[in-house]
Amino acid sequence: MIKTDHLARAEKEIADIGARLLNADYETQKTLKNRLVWLANTTAHPGAHAAYKRAYQTIKLRWNK
């Protein structure tokens, strides 16, 4: 399957947010999680939407302690 530009961009953005979350304080974590929600809600590409949503769910499970 050939990746579209939208999906490739989504994967790059998710990787960037994930890397930034590792060393982030609480407020930055909240901001980054909100960014994923915004990206998921504003993308028109169904594959990118699903990728953002999966990333958010994974982050929510890991960082909501």
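A nonpolar core is a set of buried Ala, Val, Leu, Ile, Met, Phe, Trp, Tyr and Cys residues joined through side-chain atoms within 4.5 Å. The views below show a predicted model.

**View A. The largest nonpolar core of the predicted model, which has 11 residues in all.** The residues that make up this core are Ala10, Ile17, Leu21, Leu32, Leu36, Leu39, Ala40, Ala48, Tyr52, Ala55 and Ile59. Two or more residues are given to the core by each of helix H1 (5-22), helix H2 (26-42) and helix H3 (46-63). In soluble globular proteins, nonpolar side chains tend to be buried together.

**View B. The crossing of helices H1 and H2, whose axes come within 10 Å.** The two axes cross at roughly 165 degrees, and because angles over 145 degrees count as roughly antiparallel, H1 and H2 are roughly antiparallel to each other. The crossing in which H1 passes H2 is left-handed. On the H1 side the contact is made by Glu13, Ile14, Ile17, Arg20 and Leu21, and on the H2 side by Gln29, Leu32, Arg35, Leu36 and Leu39. Sorted by class, the contact of H1 with H2 has six nonpolar residues, one polar residue and three charged residues. Ile17, Leu21, Leu32, Leu36 and Leu39, which take part in this contact, are also among the residues of the largest nonpolar core.

View C. When its neighbours within four places in sequence are left aside, isoleucine 14 is in contact with Leu36, Ala51, Tyr52 and Ala55. Between the C-alpha atoms of isoleucine 14 and leucine 32, which are 18 residues apart along the chain, the separation is 9.9 Å.

**View D. Valine 37 and asparagine 34 of helix H2, shown with tyrosine 56.** Valine 37 counts as partly exposed because its relative accessibility is 32%, whereas asparagine 34, at 52% relative accessibility, counts as exposed. The C-alpha atom of valine 37 is separated by 7.0 Å from that of tyrosine 56, with the two residues 19 residues apart along the chain. For asparagine 34 and tyrosine 56, which are 22 residues apart along the chain, the C-alpha atoms are separated by 8.8 Å.

Definitions and conventions: Residues are numbered from 1 along each chain as its sequence is written. This is a predicted model: local features need pLDDT of at least 70, side-chain atom pairs count only at pLDDT 80 or more; totals for chains, interfaces and linings use all residues. Side-chain values use heavy atoms; hydrogens and water are left out. Buried means under 20% relative accessible area, exposed over 50%, partly exposed in between (1.4 Å probe, protein chains only). Helices (H or I, at least four residues) and strands (E, at least two) are DSSP runs, numbered from the N terminus. Axes are lines fitted to C-alpha atoms, for helices over the stretch in contact, and angles run from 0 to 180 degrees between N-to-C directions. Angles under 35 degrees count as roughly parallel, over 145 as roughly antiparallel, 65 to 115 as roughly perpendicular and the rest as oblique. A crossing is left-handed if the near helix is turned anticlockwise from the far one by less than a right angle, and right-handed if clockwise. Contact means heavy atoms within 4.5 Å. Ala, Val, Leu, Ile, Met, Phe, Trp, Tyr, Cys and Pro count as nonpolar, Asp, Glu, Lys and Arg as charged, and the others, Gly among them, as polar.
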